[in-house]
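Colleague: Please walk me through the helix packing and the pocket in this model. Keep it short.

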Amino acid sequence: FQKLLNFATLKKEYKPFAKFPPIIEDLSVVTEPSVKTDELIENIKSISNLIIDVSLTDTYLSTRTFRIIYQDPEKNLTNEDVSKIRKDIISSLEKNFKATIR
């Protein structure tokens, strides 16, 4: 118990709920099995600051499905906003990992 107390803090952090809803989509990516999932996730996250989370939801053979959550703290995202980001994600995955989208 004493070891846990060393890590305890009384400082509280408050993060308000988002005012605008996220857009959630799944993207299936086919790559070589040698490509690491972490590298794919980091690449996807680096495309836009509107991507707030990327997680692996399924794998089958060389196909990996990622759940991508987009959210803007300032406004509702439109399909056009997400479409542009998705196009950049696909382009980056094709260029960096020779991936194809299923």
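This is a predicted model: local features need pLDDT of at least 70, side-chain atom pairs count only at pLDDT 80 or more; totals for chains, interfaces and linings use all residues.

Colleague: How are α2 and α3 oriented to each other?

Modeller: Helix α2 spans residues 37-45, and helix α3 spans residues 79-97. Their axes come within 10 Å and cross at roughly 140 degrees. Angles over 145 count as roughly antiparallel, and 65 to 115 as roughly perpendicular. The pair α2 and α3 is therefore oblique.

Colleague: What residue classes make up the contact of α2 with α3?

Modeller: From α2 come E39, L40, N43 and I44. They meet I89, S92, L93, N96 and F97 in α3. By class, the contact residues are 5 nonpolar, 3 polar and 1 charged.

Colleague: Which residues line the largest pocket, and what is its volume?

Modeller: The lining consists of K15, P16, F17, A18, I52, Q71, D72 and P73. It divides into 5 nonpolar, 1 polar and 2 charged residues. The volume of the largest pocket is about 160 Å³.

How values were computed. Residues are numbered from 1 along each chain as its sequence is written. Side-chain values use heavy atoms; hydrogens and water are left out. Axes are lines fitted to C-alpha atoms, for helices over the stretch in contact, and angles run from 0 to 180 degrees between N-to-C directions. Helices (H or I, at least four residues) and strands (E, at least two) are DSSP runs, numbered from the N terminus. Angles under 35 degrees count as roughly parallel, over 145 as roughly antiparallel, 65 to 115 as roughly perpendicular and the rest as oblique. Contact means heavy atoms within 4.5 Å. Ala, Val, Leu, Ile, Met, Phe, Trp, Tyr, Cys and Pro count as nonpolar, Asp, Glu, Lys and Arg as charged, and the others, Gly among them, as polar. On a 1 Å grid over the protein atoms alone, a cavity is a set of points where a 1.4 Å probe fits but cannot get out, and a pocket is an open set with protein on both sides within 12 Å along at least five of seven lines; lining residues have an atom within 4 Å of a point. Grid points are joined across faces, edges and corners, and a volume is the space filled by probe spheres set on the points.
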